[in-house]
Structure formats: C-alpha cells, structure tokens
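Please look over the sequence and the structure below before reading on.

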Amino acid sequence: MTTASLSRGTAETIARIIWLCITSPRQAVRELLSAADVRTLSLILVSLGIAISSISGGISEWLNLSKQSDTDH
C-alpha cells in the first residue's frame, strides 16, 4: 500500500496523528482509537516508523563509512 493509494481522509488522519504524537501523545492515542480503521492506520504508522528508522540508519552508516574512508587516504 502506497501513500498514493490512500484516500485523502486516511492520509490526513495519519498526518494528524503523527503531529499529535509530537505535540500531545495522549490525544494522538485517543484519535487513533476513535478511528474507524484502526488496524489499517496502525499498520501504516508502524510501517512508516520502520521505513524512517531504516533510512536514517542507512544514511548514518553511509556517512560513518565515508568519514572513515576519508581519514584512511
């Protein structure tokens, strides 16, 4: 499932929940639990978290390796 295939309401709900996780975590939980499609939203949020963690870890490792190779020369 890609963000392009999400309905506009689902994408807005996900963006709102992510924002609320930063500003008001309890409100984010309430909003997620009150959504009609809790399983879908939860799966998307977990998938986004995994993707962001993997990408940031990869970038960090790449920067670390490039820094080490620069000092070797």
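The secondary structure of the chain amounts to three helices and zero strands, and from the N terminus on the elements run α-α-α; helices (H or I, at least four residues) and strands (E, at least two) are DSSP runs, numbered from the N terminus. This is a predicted model, in which local features need pLDDT of at least 70 and side-chain atom pairs count only at pLDDT 80 or more, while totals for chains, interfaces and linings use all residues. Residues are numbered from 1 along each chain as its sequence is written, and side-chain values use heavy atoms, with hydrogens and water left out.

Of the 73 residues of the chain, 15% count as buried, where buried means under 20% relative accessible area, exposed over 50%, and partly exposed in between (1.4 Å probe, protein chains only). The chain exposes about 5800 Å², and carbon and sulfur atoms supply 62% of that area; accessible areas come from the Shrake-Rupley method with a 1.4 Å probe, and for residues only the protein chains shown count as cover.

Which residues make up the largest nonpolar core? It has eight residues, namely Ile14, Ile17, Leu20, Ala28, Leu32, Ala35, Leu41 and Ile44, a nonpolar core being a set of buried Ala, Val, Leu, Ile, Met, Phe, Trp, Tyr and Cys residues joined through side-chain atoms within 4.5 Å. The elements that each give two or more residues to this core are α1, α2 and α3, and the largest share, three residues, comes from α1. In soluble globular proteins, nonpolar side chains tend to be buried together.

Not counting residues up to four places away in sequence, Ile17 touches Ala28, Glu31, Leu32, Leu41 and Leu45. Leu32, which lies in helix α2, counts as buried because its relative accessibility is 18%. Leaving aside its neighbours within four places in sequence, Leu32 is in contact with Ile17, Val38, Leu41, Ser42 and Leu45. Leu32 and Ile14 are 18 residues apart in sequence, and their C-alpha atoms are 8.8 Å apart in space.

Leu45 belongs to helix α3 and touches Ile14, Ile17, Ile18 and Leu32, again without counting residues up to four places away in sequence. Although Leu45 and Ile14 are 31 residues apart in sequence, they are 7.3 Å apart in space, C-alpha to C-alpha. Thr10, found in helix α1, counts as buried because its relative accessibility is 13%, and beyond residues up to four places away in sequence Thr10 touches Asp37, Leu41 and Ile44.

How are the buried residues of α2 arranged around its axis? The buried residues of this helix are Ala28, Glu31 and Leu32. Seen down the axis of α2, they fall within an arc of 100 degrees, so they line one face of the helix; the arc is that of the directions from the helix axis to the C-beta atoms. An α-helix has 3.6 residues a turn, so residues three or four places apart point the same way. The face of α2 turned away from its buried side carries the exposed residues Arg26, Leu33 and Ser34.

Glu31 also takes part in a charged pair. The structure holds one salt bridge, defined as a side-chain nitrogen of Lys or Arg within 4 Å of a carboxyl oxygen of Asp or Glu, and Arg16 forms it with Glu31, the closest N and O atoms being 2.8 Å apart. This pair links distant parts of the chain, with Arg16 in helix α1 and Glu31 in helix α2 (residues 25-34), 15 residues apart. Arg16 counts as partly exposed because its relative accessibility is 42%, whereas Glu31, at 18%, counts as buried.

The elements that give two or more residues to the nonpolar patch are α1 (8-23) and α3 (38-72), and the largest share, three residues, comes from α1.

Conventions
Contact = heavy atoms within 4.5 Å.
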